[in-house]
Amino acid sequence: MSVIIEAKNISVNYGSSEVLKNISFGIEKGDFVGLAGSNGAGKTTLVKALLGLLPLTTGEIELFGENEERFNDWQKIGYLPQKFSTINALFPATVEEVIALGLLSTKKFPKRITATDRKKARALMAELGITEQAKKMLSELSGGQQQKVLLGRALISEPEVLIFDEPSTALDPNSRDAFFKLLQTLNQEKGITIILITHDTGYIGKYANKLLYIDRELIYFGKFSEFCADHKMKSYFGEHEQHIICHQHN
Ligand code: ADP
């Protein structure tokens with residue numbers, strides 16, 4: 001498998017405070033990575049660094065084999081926030097339009113939604129099970145449906161990587177399960193690489209194949225199966241916590 005996102009000894013500072021310390025890992029095409037760590041561990045900072053939004057103090061990031069500073073295929077990488085911002089949720093556009101708007105960033109002038117774009121949006125809505133919501137406004141949808149619209153808006157430009165910021169915080173347990181199953185299908189059937197920030201270490205192993213656990217520095221990166229058998233992790237987390245992280249994984 002080829003490494004498509006590689007962090008090489010990266011550090012990030014906010015002022016004089018070092019938030020990420022000397023972190024290295026390589027994410028392969030087709031991975032489903034759970035990015036975990038306690039509050040303030042640096043998960044969001046790491047994602048921002050991967051998206052090229054923050055300068056590195058040391059080290060480098062390679063995206064699809066290219067140094068991030070020279071990389072310009074950003075449509076290959078989709079980022080999904082936890083939910084639509086209140087302003088976006090009130091934006092007077094239908095679900096179908098919001099999904100089609102995901103194509104605008106990939107377009108050169110003239111930036112306009114065509115009939116082909118709408119057709120593409122409709123095919124995606126069918127795949128995501130939200131066809132019946134096509135003509136509704138975002139504000140009329142449940143949290144789970146809005147999450148699928150965010151997903152549709154990201155998928156329409158056919159990214160190879162999707163990065164999620166804690167998608168489960170906006171969802172009840174049933175919608176969360178359904179949503180994660182959907183991500184698993186996208187991962188397995190379309191080979192989309194997924195990185196998902198989560199605080200829910202006891203749960204994500206059901207879906208993710210790899211765990212990236214940080215506490216400002218890298219605590220663990222690798223397969224869940226190997227995490228479970230790792231004695232160093234047993235002494236770091238304690239047997240009980242390690243078991244909680246592992247027991248969902250099979
Ligand atoms: P997590 O996502 O794991 O909760 P963050 O990456 O948001 O962690 O934050 C890591 C640390 O960096 C925290 O101590 C946070 O207070 C600090 N931090 C985050 N963003 C900024 C910023 N823009 N300026 C200064 N400190 C920040």
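This is a predicted model: local features need pLDDT of at least 70, side-chain atom pairs count only at pLDDT 80 or more; totals for chains, interfaces and linings use all residues.
Colleague: Which atoms of Ala41 and Lys43 lie by an oxygen atom of the ligand?

Modeller: For Ala41 it's a backbone N or O atom, at 3.2 Å. Lys43 uses a polar side-chain atom, at 2.9 Å. Taken alone, the ligand exposes 560 Å², and the protein buries 56% of that (accessible areas by Shrake-Rupley, 1.4 Å probe).

Colleague: How do you know which residues surround the ligand?

Modeller: A residue counts as near if one of its heavy atoms lies within 4 Å. That picks out a shell including Tyr14, Val19, Ser38, Thr44, Thr45 and Arg216. Helix α1 (residues 43-50) supplies the largest share, three residues. By class, the shell has three nonpolar, six polar and two charged residues.

Colleague: Why is the Lys29 and Glu160 pair called a salt bridge?

Modeller: The term needs a side-chain nitrogen of Lys or Arg within 4 Å of a carboxyl oxygen of Asp or Glu. Lys29 and Glu160 have their closest N and O atoms 3.9 Å apart, so the pair qualifies. Lys29 is in the loop between β2 (17-28) and β3 (32-36), and Glu160 in the loop between α5 and β7 (161-165), so the bridge ties together parts 131 residues apart in sequence. The whole structure holds 14 salt bridges.

Colleague: What makes the space of about 350 Å³ a pocket?

Modeller: On a 1 Å grid over the protein atoms alone, a pocket is an open set of points where a 1.4 Å probe fits, with protein on both sides within 12 Å along at least five of seven lines; lining residues have an atom within 4 Å of a point. That space is the largest pocket. Of its 15 lining residues, the closest to the centre are Gly102, Ser105, Arg153, Ala154 and Ser157. Strand β6 (77-80) gives the most to the lining, with four residues.

Colleague: Which helix gives the most to the lining of the second largest pocket?

Modeller: That's α4 (residues 115-128), with four residues. This pocket has a volume of about 150 Å³. Its lining has six nonpolar, no polar and four charged residues, with Lys120, Glu127, Glu158 and Lys190 among the residues there.

Key
Residues are numbered from 1 along each chain as its sequence is written. Side-chain values use heavy atoms; hydrogens and water are left out. Grid points are joined across faces, edges and corners, and a volume is the space filled by probe spheres set on the points. Helices (H or I, at least four residues) and strands (E, at least two) are DSSP runs, numbered from the N terminus. Ala, Val, Leu, Ile, Met, Phe, Trp, Tyr, Cys and Pro count as nonpolar, Asp, Glu, Lys and Arg as charged, and the others, Gly among them, as polar. A polar contact is a pair of N or O atoms within 3.5 Å; within protein, one must be able to donate a hydrogen and the other to accept it, and residues adjacent in sequence count only if both atoms are side-chain atoms.
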